Amino acid sequence: MGTVACCGLPLWKRTEFSGQTLMVRQTMVEGLWVSCILPGVGKANCRTYSSSGKDVPLDVYVARILTVAAVATSFLGLVVNCAGSRCCSLVGSRALKARLLTASGLSFLASGAAELLAVTWPAYVLATEFYHPLVNEVLAISIGPCIHIGWGSGAVLIAGGSLLALPCCRRQRQQQEQRRRSRDYASP
């Protein structure tokens, strides 16, 4: 859910304009697909980025691709996990169910890595913009909540994927070792 929220919400970058010349404090929030200016309470002026991608920075463009890939691979991992679960009767073999759980764990690992990369690169760019010496003191640039949600979501996906993938791999290795030992004892 966190990956989907990061993909849809325009809360990746937050810029506040304040100073002596501005009477009203304005906030600009940017996401993967839109940027909005919040001039007052309850109002928002939003514009979507062009479909050609010419006005989108490189970090946001790559974050779009990685976030959509993370959503797709986590959905694939969820479907494969449901097919490999014990309560599902689509697959009868226990060995095949173990392989499906391993595949879903690997899918969640890939999704978590993509999500972490998708939010870390724009966060790095924002941090370098924040400490840039030419940025005016009127601007207050900060990391939006979607980047924090993305870090948490990526960490949970990696933790869950490793919990799903590693025990199944260990069981398969133990079964292979038992087969090898039984063949070694059976051969003269």
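This is a predicted model: local features need pLDDT of at least 70, side-chain atom pairs count only at pLDDT 80 or more; totals for chains, interfaces and linings use all residues.

Trainee: What pattern of helices and strands does the protein chain follow along the sequence?
Mentor: Start by counting the pieces: the protein chain has four helices and five strands. Then read them off along the sequence, and you get α-β-β-β-β-α-α-β-α.

Trainee: How much of the protein chain is buried?
Mentor: A residue counts as buried when its relative accessible area is under 20%. The protein chain has 188 residues, and the buried share of them is 33%.

Trainee: And what share of the accessible surface belongs to carbon and sulfur atoms?
Mentor: The protein chain has an accessible surface of about 11900 Å². Of that surface, the part belonging to carbon and sulfur atoms is 64%.

Trainee: Which helix gives the most to the nonpolar patch?
Mentor: The patch covers about 560 Å² and is made by Leu58, Tyr61, Ile65, Trp121 and Tyr124. Both H2 and helix H3 (94–130) supply at least two of its residues. With three residues, the one that gives the most is H2.

Trainee: How far apart are the end C-alpha atoms of H2, and why does that agree with its length?
Mentor: H2 has 27 residues, and at 1.5 Å a residue it should span 39 Å. The model agrees with that, because the end C-alpha atoms of H2 are apart by 38 Å.

Trainee: Is Leu58 buried or exposed?
Mentor: Leu58 has its place in helix H2. The cut-off for exposed is over 50%. Leu58 has a relative accessible area of 57%, so it counts as exposed.

Trainee: What about Ile65, then: how is it classed?
Mentor: Ile65 also has its place in helix H2. Ile65 has a relative accessible area of 49%, so it is partly exposed.

Trainee: How far apart in space are Ile65 and Ala118?
Mentor: Along the sequence, Ile65 and Ala118 are 53 residues apart. Go from C-alpha to C-alpha in space, though, and the distance is 8.2 Å.

Trainee: Is Arg64 buried or exposed?
Mentor: Arg64 lies in helix H2, which covers residues 58–84. Leaving aside neighbours within four places in sequence, Arg64 is in contact with Leu32, Trp33, Tyr49 and Val56. Its relative accessibility is 12%, and since the cut-off is under 20%, Arg64 counts as buried.

Trainee: Which residues does Ser107 touch, beyond those up to four places away in sequence?
Mentor: Ser107 lies in helix H3. Ser107 is buried, because its relative accessible area is 11%. Not counting residues up to four places away in sequence, Ser107 touches Thr73, Leu76 and Gly77.

Trainee: Which element gives the largest share of the largest nonpolar core?
Mentor: That core has 13 residues, and Trp12, Leu32 and Ile147 touch the most other members. The elements that give two or more residues to this core are H2, H3 and helix H4 (145–186). The largest share, three residues, comes from H3.

Note on methods
Residues are numbered from 1 along each chain as its sequence is written. Side-chain values use heavy atoms; hydrogens and water are left out. Buried means under 20% relative accessible area, exposed over 50%, partly exposed in between (1.4 Å probe, protein chains only). Contact means heavy atoms within 4.5 Å. Accessible areas come from the Shrake-Rupley method with a 1.4 Å probe; for residues, only the protein chains shown count as cover. Patches are made of residues with over 30% relative accessible area and no salt bridge: like charges are joined within 9 Å, nonpolar side chains (Val, Leu, Ile, Met, Phe, Trp, Tyr) within 5 Å. A salt bridge is a side-chain nitrogen of Lys or Arg within 4 Å of a carboxyl oxygen of Asp or Glu. The expected span of a helix is 1.5 Å times one less than its number of residues. A nonpolar core is a set of buried Ala, Val, Leu, Ile, Met, Phe, Trp, Tyr and Cys residues joined through side-chain atoms within 4.5 Å.
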